[in-house]
Amino acid sequence: MIVLGIESTCDETAAALVEDGRHLLSNVISTSVKEQALYGGVVPEIASRRHCEFISATVKKALLDAGKTIDDVDAVAVTFAPGLIGAVLVGVNFAKGLAYSANKPLVPVHHLRGHIAALYITHPELKPPFLCLVASGGHSHIVEVQDYTHYHILGHTVDDAAGEAFDKVARTLGLPYPGGPSVANAAKTGDPKAYRLPVPHVEGKYNVSFSGLKTAVLNEVNQAQMKGTDINVPDLAASFQERIAGILAEKLLLAAADNGAKQVCLAGGVAANGRLRQLVNDGAQKLGAKVYLPELKYCGDNGAMIAAQGYYEFKDGNIADLTLNGLPTLSIDYR
Ligand code: KG4
Ligand code: ZN
């Protein structure tokens with residue numbers, strides 16, 4: 001079964017063809033990230049406008065690259081939640097029009113479920129149940145993936161998402177958007193022990209909190225300014241990365257140990273972080289659990305992950321009609 005996946009929740013307009021949820025046929029991403037970087041973050045209005053401009057050509061190229069036409073596609077899957085609503089609606093309405101005109105089933109996909117499904121493309125042997133940390137610009141969840149469409153949230157951030165914390169700290173340090181890759185890059189030459197950053201206290205065994213950590217970085221910068229001294233950017237970036245990756249890995253591994261998880265996974269944009277990947281790899285091996293990490297190209301937003309999850313949603317009977325609406329927020333465990 002060939003599924004066309006369409007994604008437009010943030011600054012990537014993406015489309016891909018995936019066969020049977022696992023086998024990639026094409027994957028096309030058009031992004032407004034360079035334009036967004038001029039403003040230090042995503043401007044929702046600009047994102048929506050670029051989606052409108054890019055979406056037809058992006059979907060067309062995904063079909064062309066796969067050597068297929070819309071007639072070869074068995075279902076049109078689209079991210080309908082959560083995301084920047086103006087951006088989400090572009091993908092949803094395009095998918096509705098395409099599904100209607102080509103007489104194909106329309107499959108609504110939750111963005112975070114899609115991030116998790118990116119793992120199925122990288123690891124064709126991976127099957128639920130498994131434990132997954134999904135960390136992106138808007139979410140940080142520790143999720144028990146019970147089967148392909150059933151999820152149980154064990155922990156979440158009580159304030160900022162991990163990616164959001166990377167983006168805000170990058171801005172504080174004068175590093176470009178998106179913050180994750182620029183902090184990771186600056187951290188390469190830094191000393192992770194140079195700055196003592198706090199371990200935030202948070203209620204809930206598997207919950208995380210990053211707003212205090214973000215403020216601690218801001219305080220270091222402000223204090224240096226007041227004293228007329230310089231911040232060592234690579235050192236502060238490395239210290240921050242060490243702390244946030246340490247917290248994320250620790251909570252995931254704690255949940256894995258408590259629940260006897262045999263398979264531990266990472267997903268979402270922050271899953272591209274090298275230090276986080278290393279800590280989870282090392283820790284899970286000690287627990288005797290198998291680790292599955294998404295290929296770097298499937299960590300950020302893409303259409304392949306939506307097509308992969310779309311396959312499993314379709315098999316579960318999750319098919320929408322033309323009343324499908326986009327939603328800015330929706331829990332991953334929705335039914
Ligand atoms: O999943 P994603 O592409 O979009 C959302 O669904 O939000 O995640 C984007 C987030 C951004 O906050 C970005 O800074 C972060 O992922 N990110 C990283 C890295 N690459 C991207 N964070 C840490 N280290 C990275 N290497
Ligand atoms: Zn995402």
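Buried means under 20% relative accessible area, exposed over 50%, and partly exposed in between (1.4 Å probe, protein chains only). I am opening a predicted model, where local features need pLDDT of at least 70, side-chain atom pairs count only at pLDDT 80 or more, and totals for chains, interfaces and linings use all residues. Residues are numbered from 1 along each chain as its sequence is written, and side-chain values use heavy atoms, leaving out hydrogens and water.

**Entry: helix H6.** I looked up the buried residues of H6 (residues 179-187) and found Gly-179, Gly-180, Ser-182, Val-183, Ala-186 and Ala-187. Helices (H or I, at least four residues) and strands (E, at least two) are DSSP runs, numbered from the N terminus. Those buried residues of H6 pack against H5 and helix H8 (233-259). Contact here means heavy atoms within 4.5 Å.

**Entry: the sheet.** Next I traced an open sheet of 5 strands, ordered E8-E7-E6-E9-E10, with mixed pairing. Its edge strands are E8 and E10 (290-292), each pairing on one side only. Two strands pair if DSSP finds at least two bridges between them.

**Entry: a hairpin.** I then followed E7 (residues 140-147) and E8 (residues 150-156), which pair in the antiparallel sense over 6 bridges. They form a hairpin with 2 residues between them. His-141 stands opposite His-156 in E8, and Glu-144 stands opposite His-152 in E8.

**Entry: helices over strands.** I found H8 lying across E6 (130-135), E7, E8 and E9 (263-267), at about 160° to E6. Helix H9 (residues 274-287) lies across E6, E9 and E10, at about 175° to E9. Axes are lines fitted to C-alpha atoms, for helices over the stretch in contact, and angles run from 0 to 180 degrees between N-to-C directions.

Definitions and conventions:
Chains lettered and ligands numbered in written order.
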